[in-house]
Amino acid sequence: MQKSRVRRVGALIVGLSLVAAACGGDDDDAPVEDTAEVTDEVTAEPTEEMTDEPTEEMTAEPTEEMTEEPTEEMTDGAAGGDGVLTFGGILPETGNLAFLGPPEFAGVELAVQEINENGGVLGADAVWLPGDSGDNGEVANATVDRLLAEDVDAFIGAASSGVSLTVIDKIPQAGKIHFSPANTSPTFTDYDDNGLYFRTAPSDVIQGAALADVMLQDGAATAAFLVLNDSYGTGLQQYTIEPYTDGGGTVVYGDMGTTYDPQAENFDAEIAAVVDANPDAIVIIGFDETAQILGGLIEAGFGPSDKLIYGTDGNMGNALAAQFDDPSVVAGMKGTLPGVDVAGELADFQDRLLGVDPDLIDYSYSAESYDAVIVTALAAAIAGSDDGVAVAAEINGVTREGEKCSTYADCIALIDAGTDIDYDGVSGPLEFIDAGEPSVASILILEFDETGTIQVVGSVEGSV
């Protein structure tokens with residue numbers, strides 16, 4: 001079934017205004033149309049994210065194995081289901097986004113656990129088959145092929161937008177659901193996915209506007225952008241620069257079309273260009289290579305103690321500070337992350353995650369991973385089937401226009417009673433548009449403290 005698509009957001013700027021508030025609170029469930037609200041919460045614990053499009057390695061010509069048509073074994077069951085809702089993972093166990101893996105895996109595992117503790121789905125326990133996405137299409141495609149052969153109904157992942165783009169055609173072709181908890185590239189809003197791709201992470205249209213407002217409120221009249229060359233980088237670059245310049249800011253380096261190769265041996269030329277431009281603020285939209293870039297800026301006297309430095313979900317995590325012998329050198333760097341303050345406002349959810357993985361130190365996209373599984377399971381219960389196409393047809397409706405419920409147990413009871421539901425997730429109210437993605441979202445404002453530890457210093461709600 002083909003989802004009807006909303007018009008591409010394009011240059012629409014999400015109107016966000018940051019309003020200081022005291023010790024923020026219980027307004028997470030109230031969508032704010034074209035507005036934003038900040039809550040001061042210098043509460044604790046890290047968070048971060050990722051999303052990207054293939055680097056040169058990822059965009060190389062696909063191998064025969066990667067592009068072959070699904071075999072009969074791979075597609076068997078796609079048309080009817082077998083009565084067991086099976087989830088498969090394409091999440092980063094390895095690669096430069098592996099720091100996102102633990103919270104995402106924990107979120108999925110917790111959701112499956114709670115589903116099965118409350119009667120399962122369709123009279124059977126849900127099944128979770130984890131798998132690695134790596135950094136490139138080769139790893140992800142091998143994982144997808146293996147899981148298709150095991151008759152997975154819904155794929156959870158990838159974290160990286162670029163990795164998802166290497167498998168997004170294969171998964172729907174097999175009649176399966178592709179559900180990412182972390183893809184933020186605007187590319188997916190209008191992608192022709194046969195109505196089978198969904199995401200709980202918001203488009204970077206919202207994150208970009210939030211970051212621009214933070215910069216302007218901090219007094220950044222001029223800015224330089226250091227952006228990795230992929231769909232995540234260029235998309236977030238565009239949707240940050242547009243509201244930043246509309247708000248009176250001037251880009252002195254790194255306007256659209258100016259990017260760097262994340263696989264480069266060094267970033268000396270880019271750093272020199274930023275130093276020559278001498279901006280008030282420097283925005284780094286990147287992944288692991290951010291540490292090398294930031295180190296070069298610090299050596300040049302352009303670090304967080306000298307300039308306003310900003311990051312985004314791909315690099316704002318404790319993993320960044322850990323790459324420096326003295327983590328305190330990143331103190332003062334700010335950034336944005338789509339999501340909710342798991343370590344602050346959602347203490348109960350955090351405790352449940354730690355019950356699954358006691359070693360968690362970051363919680364990026366854990367809530368979004370959890371919600372992707374819960375929403376899919378509720379849709380399967382409504383469809384009365386684990387068939388991917390049938391389940392997908394019910395997913396958007398699970399998140400809107402029904403009786404509110406916020407746990408699997410409560411929602412499944414309403415479904416069993418014949419009641420139309422509106423699931424409000426741990427990650428937010430969701431309220432999916434027809435394109436299969438949230439229309440409202442929370443963006444956290446993060447800052448490294450004097451020890452190099454990330455703190456949540458505010459949050460923004462935005463809508464499209």
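Modeller: Leaving out its neighbours within four places in sequence, Leu226 is in contact (heavy atoms within 4.5 Å) with Tyr253, Tyr260, Glu270, Val274, Ile282, Val283, Ile284, Ile285, Ile293 and Leu297. Before going on, please note that this is a predicted model, in which local features need pLDDT of at least 70 and side-chain atom pairs count only at pLDDT 80 or more, while totals for chains, interfaces and linings use all residues. Residues are numbered from 1 along each chain as its sequence is written, and side-chain values use heavy atoms, with hydrogens and water left out.

Colleague: Which residues touch the most other members of the largest nonpolar core?

Modeller: They are Met215, Leu226 and Leu297, in a core of 60 residues. A nonpolar core here is a set of buried Ala, Val, Leu, Ile, Met, Phe, Trp, Tyr and Cys residues joined through side-chain atoms within 4.5 Å. Buried means under 20% relative accessible area, exposed means over 50%, and partly exposed lies in between, with a 1.4 Å probe and protein chains only. Apart from that core lies another one, of 52 residues, and Ile115, Val340, Val342 and Ile415 are among them.

Colleague: And how much of the chain is buried?

Modeller: Buried residues make up 59% of the 464 residues in the chain. As for contacts with a separation of 6 or more, 72% of them are between residues 24 or more positions apart.

Colleague: Changing topic, how many helices and strands are there?

Modeller: The chain has 15 helices and 14 strands. These are DSSP runs numbered from the N terminus, where a helix is H or I with at least four residues and a strand is E with at least two.

Colleague: What is the order of the seven strands in the open sheet with mixed pairing?

Modeller: The order is 7-6-8-9-10-13-14, and two strands count as paired if DSSP finds at least two bridges between them. Strand 7 and strand 14 (454-463) are the edge strands, each pairing on one side only. Neighbouring strands of this sheet are turned by 25° against each other on average, with direction ignored; such angles run from 0 to 180 degrees between N-to-C directions, and axes are lines fitted to C-alpha atoms, for helices over the stretch in contact.

Colleague: How many bridges join strand 6 to strand 8?

Modeller: Five bridges join them, and the two strands run parallel; within this pairing, Val227 stands opposite Ile285 in strand 8. Helix 8 packs on the sheet by touching strand 6, strand 7 and strand 8, and its direction makes about 170° with that of strand 6. Helix 9 also packs on the sheet, touching strand 6, strand 7 and strand 8, with its direction at about 130° to that of strand 7.

Colleague: Helix 8 has a residue I was looking at, Thr240. Is Thr240 buried or exposed?

Modeller: Thr240 has a relative accessible area of 0%, so this residue is buried. Not counting residues up to four places away in sequence, Thr240 touches Gly208, Leu211, Ala212, Met215 and Phe225.

Colleague: What about helix 10, and what covers its buried residues?

Modeller: Helix 10 (residues 290-299) is mostly covered, as seven of its 10 residues are buried, namely Thr290, Ala291, Ile293, Leu294, Gly295, Gly296 and Leu297. The cover includes strand 6, helix 9 (268-277), strand 8 (281-285), strand 9 (308-311) and helix 11 (318-321). Gly301 follows helix 10 and has a positive phi, near 80°.

Colleague: One more: at what angle do helix 3 and helix 12 pack?

Modeller: Helix 3 (residues 101-117) and helix 12 (residues 347-356) pack at an angle of about 95°, with their axes 9 Å apart. They are therefore roughly perpendicular to each other, a label given to 65 to 115 degrees, whereas under 35 counts as roughly parallel, over 145 as roughly antiparallel and the rest as oblique. Helix 3 makes the contact through Ala106, Gly107, Glu109, Leu110, Gln113 and Glu114, and helix 12 through Phe349, Arg352, Leu353 and Val356.
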